[in-house]
Amino acid sequence: MKTRRFTTRKLTRSALIAALYVILTFLSSLVGLSGQGLIQFRLSEALTILPCFCPEAIGGLFIGCLLSNLLTGAHIADILIGSFATLLGALGAYVLRNRRFLAPLPTVLANTLLIPPVLVFAYGMTEAYWLLSFFVFVGEAGAAYIGGELLWPILNKKRNVFFT
């Protein structure tokens, strides 16, 4: 039976994923793609396919999202619920790791269901709930599916370099 150990290498990989998530979120903010607005497209959400390649990405994505939300001045509800949505999505991607085209779906669904109430409660958005859900869905699907599909062949080709 194979024993799963949490090594220094895996901890470092998780920390690097968290840092990369924060950097990509800040880059998205710099060009006006992410924030607390109606339309968001976080480049960092493309990383949500990483649990398909290494389970330690789950923690890295969660911590990266938590730090990103803290450092960008998000509302406490957004910090907690948004990070939880990312955690759910990362866990779902890990479960679906052998289903390339389904792997981003848990991230899209978790954010589509959990973020619109945060937008209403924390940021006072008055748009209809279905409209908020639609825009979250579009932003998440674009970032997770398009970004993930761009990353997948690179990560898969270099699997033995990045994930040993």
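Student: What should the 20 residues of α3 span, and how far apart are its end C-alpha atoms?
Tutor: At 1.5 Å a residue they should span 28 Å, and the end C-alpha atoms are 29 Å apart, which agrees. The expected span is 1.5 Å times one less than the number of residues. Helices here are DSSP runs (H or I, at least four residues), numbered from the N terminus.

Student: Where do these values come from?
Tutor: This is a predicted model, where local features need pLDDT of at least 70 and side-chain atom pairs count only at pLDDT 80 or more, while totals for chains, interfaces and linings use all residues. Residues are numbered from 1 along each chain as its sequence is written, and side-chain values use heavy atoms, with hydrogens and water left out.

Student: Back to α3. Which helices do its buried residues pack against?
Tutor: They pack against α1, α2 and α4 (105–123). Buried means under 20% relative accessible area, exposed over 50%, and partly exposed in between (1.4 Å probe, protein chains only). Among the buried residues of α3 are Gly82, Gly89 and Ala90.

Student: What is Thr107 in contact with?
Tutor: Leaving aside neighbours within four places in sequence, Thr107 contacts Glu45, Thr48, Gly89, Ala90 and Glu140. Contact means heavy atoms within 4.5 Å.

Student: New topic. At what angle do α1 and α2 pack?
Tutor: Helix α1 (residues 8–30) and helix α2 (residues 57–71) pack at about 35°, with axes 7 Å apart. Axes are lines fitted to C-alpha atoms, for helices over the stretch in contact, and angles run from 0 to 180 degrees between N-to-C directions.

Student: Which residues meet there?
Tutor: From α1 they include Ile17, Tyr21 and Phe26, and from α2 they include Gly60, Leu67 and Leu71.

Student: Which residues have the most contacts inside the largest nonpolar core?
Tutor: Leu50 and Phe53, in a core of 20 residues. A nonpolar core is a set of buried Ala, Val, Leu, Ile, Met, Phe, Trp, Tyr and Cys residues joined through side-chain atoms within 4.5 Å. The largest share of this core, 4 residues, comes from α2.

Student: What does Leu50 touch?
Tutor: Apart from neighbours within four places in sequence, Leu50 is in contact with Ile17, Ala57, Leu155 and Phe163.

Student: Last one: how far is Ser29 from Ile76?
Tutor: They are 47 residues apart in sequence and 18 Å apart in space, C-alpha to C-alpha. Ser29 is partly exposed, with a relative accessible area of 29%.

Conventions
Helix = DSSP H or I, 4+ residues; strand = E, 2+ residues; numbered from the N terminus.
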